[in-house]
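Please keep the sequence and the coordinates at hand.

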Amino acid sequence: MAFFFGRKNKNTESETKEESAGEKTGSSWFSRHFLKNEAAEPEEPAAVAPEAGEEQGQPRPAPEPGPVSEPAPKPEPATPKPEPSQTGWFGKLRRGLEKTRVNLYGLFSGGVIDEDFLENLEDALITSDAGLPASEKIIGELRDAIKLKGLKTEHEVREELVAIITRLLSPSERPLDVNRAKPFVIMMAGVNGAGKTTSIGKISKWLAGQGKSVLLAAGDTFRAAAREQLEVWGSRNQVHVVSQQGADPAAVIFDAVTSARAKGIDIVLADTAGRLPTQANLMEELSRIKRSEQKALPGAPHEIILVLDGTNGQNALAQVRQFDQVVGLTGLIVTKLDGTAKGGVLLALAQERSASPLPIYFIGVGEKIDDLQPFCAEEFARALVGTDE
């Protein structure tokens, strides 16, 4: 056995110290030599010294939040504007004449302009209550215009049809002139259910809008609740109503005209009972009412207006003839052009009275108070044929 004597190696001493330290800490020699390069756990950050004015141990206040900007509001989707032809009075008139408009407009959608087209167009006019004379006149003028003007497209022919109908109706387009006398007396007549009382209420609103003072005479003493209905319209339009329950209609209207003269009223609207032209005694009573107005005011009544139901079709022509024969009509109002009427009756009326045109003062397309408006020939023609305003 060999023994080495001399100084102890330093490396051996250091390893011996490490082994003794490892025994105390519980770590092995392998972990101390081969796991040295593993990353050490992060040390906790050193405490930051408090700033001036802060006490030791006191937490730093949280920073105040800055102003929070509100999110920009989402733009609302734009509401599409309705077409001009579908709004307002013209839109109502178009919808009211839809039956005829659809029939006429359909003829212009795709066909050629030939003799068959003109025959179909004439048939459509006849079935719209225009009658045979007016339809033949319109188609005759349209056929000549196609040849003379060389019309080829459907748009050109449709515009020419509007022009022809406008010329036919233009003599009936006349404003109601209420400044010829004071008081200006208007007597309303018509068959049962034509809309006389309602038309009186709407016209009184229209006249009041022009700054005219109006007095209503409840001359319909036969129909139940007719007087009350007129009083409702008078209250709604702030117009005075002269009425007497069970009284003679001629006496009621006489008193109304006399009262209007005394009070300086501008216009008197006289309602009368609905009657059929075949009822001779009631037609004679209408003549007596006219004479009573003449006694109360020389020259009265200044207008005798027949109210026609637009749904009556060709029957309206007979009513015009018979009422005109008894009292001498000076104008017309056509009501209920609100979808059930065909509208062509206005063409028939204009053709029959072409020698002595009878003014169409107003037309009605609904029940609302503004649904009765002055008649415009071109506007009506465009609504009937189906073109834009």
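A cavity, as used here, is a set of grid points where a 1.4 Å probe fits but cannot get out, and its lining residues have an atom within 4 Å of a point. The model is predicted.

**Cavity**

The structure holds one cavity of 30 Å³ or more. The volume of the largest cavity is about 50 Å³. Its lining is made by Ser-172, Leu-332, Leu-349, Ala-350, Arg-353, Pro-357, Leu-358 and Ile-360.

In soluble globular proteins, nonpolar side chains tend to be buried together. Here, the largest nonpolar core has 100 residues, and Ile-363 and Phe-380 touch the most other members. Helix α5 (residues 115-149) gives this core its largest share, 12 residues.

What is Phe-380 in contact with, leaving aside its neighbours within four places in sequence? The list is Leu-93, Leu-97, Leu-169, Leu-337, Gly-343, Leu-346, Ile-363 and Phe-375.

**Strand β4 and its partners**

Strand β4 spans residues 267-272. Six of its six residues are buried, so β4 is largely enclosed by the rest of the structure. In a regular strand the side chains alternate between the two faces of the sheet. In β4 both faces are covered. Ile-267, Leu-269 and Asp-271 are buried on one side. Val-268, Ala-270 and Thr-272 are buried on the other.

Two strands pair with β4. Met-187 stands opposite Ala-270 of β4. Strand β2 (residues 214-219) also pairs with β4 in the parallel sense, over six bridges. There, Leu-216 has Leu-269 of β4 as its bridge partner.

**Helix α10**

Helix α10 covers residues 280-296, 17 residues in length. From first C-alpha to last, α10 reaches 25 Å, close to the 24 Å expected at 1.5 Å a residue.

Which residues of α10 are buried? They are Met-283, Glu-285, Leu-286, Ser-287, Ile-289, Ser-292, Glu-293 and Ala-296.

Most residues other than glycine have a negative phi, and most peptide bonds are trans.

| Site | Feature | Value |
|---|---|---|
| Lys-182 and Pro-183 | cis peptide bond | omega about -5° |
| Ala-300 and Pro-301 | cis peptide bond | omega about -10° |
| Asp-129 | positive phi | phi about 75° |
| Gln-238 | positive phi | phi near 55° |

Where do the two prolines lie? Pro-183 is in the loop between α6 (154-169) and β1. Pro-301 is in the loop between α10 and β5 (303-309).

Asp-129 sits in helix α5. Gln-238 sits in the loop between α8 (226-237) and β3 (240-242).

Are these two residues buried or exposed? Buried means under 20% relative accessible area, and exposed means over 50%. Asp-129 has a relative accessible area of 17%, so it is buried. Gln-238 has 77% relative accessibility, so it counts as exposed.

Terms used
Residues numbered from 1 in each chain as written. Predicted model: local features only at pLDDT ≥ 70, side-chain atom pairs only at ≥ 80, totals over all residues. Heavy atoms only, no water. Helix = DSSP H or I, 4+ residues; strand = E, 2+ residues; numbered from the N terminus. Expected span 1.5 Å × (residues − 1). Buried < 20%, exposed > 50% of the residue type's maximum accessible area, 1.4 Å probe, protein only. Contact = heavy atoms within 4.5 Å. Pairing = 2+ DSSP bridges. Core = buried A, V, L, I, M, F, W, Y, C linked by side-chain atoms within 4.5 Å. 1 Å grid on protein atoms, 1.4 Å probe; cavity = no way out; pocket = protein on both sides within 12 Å on 5 of 7 lines; lining within 4 Å. Points joined across faces, edges and corners; volume = space filled by probe spheres on them.
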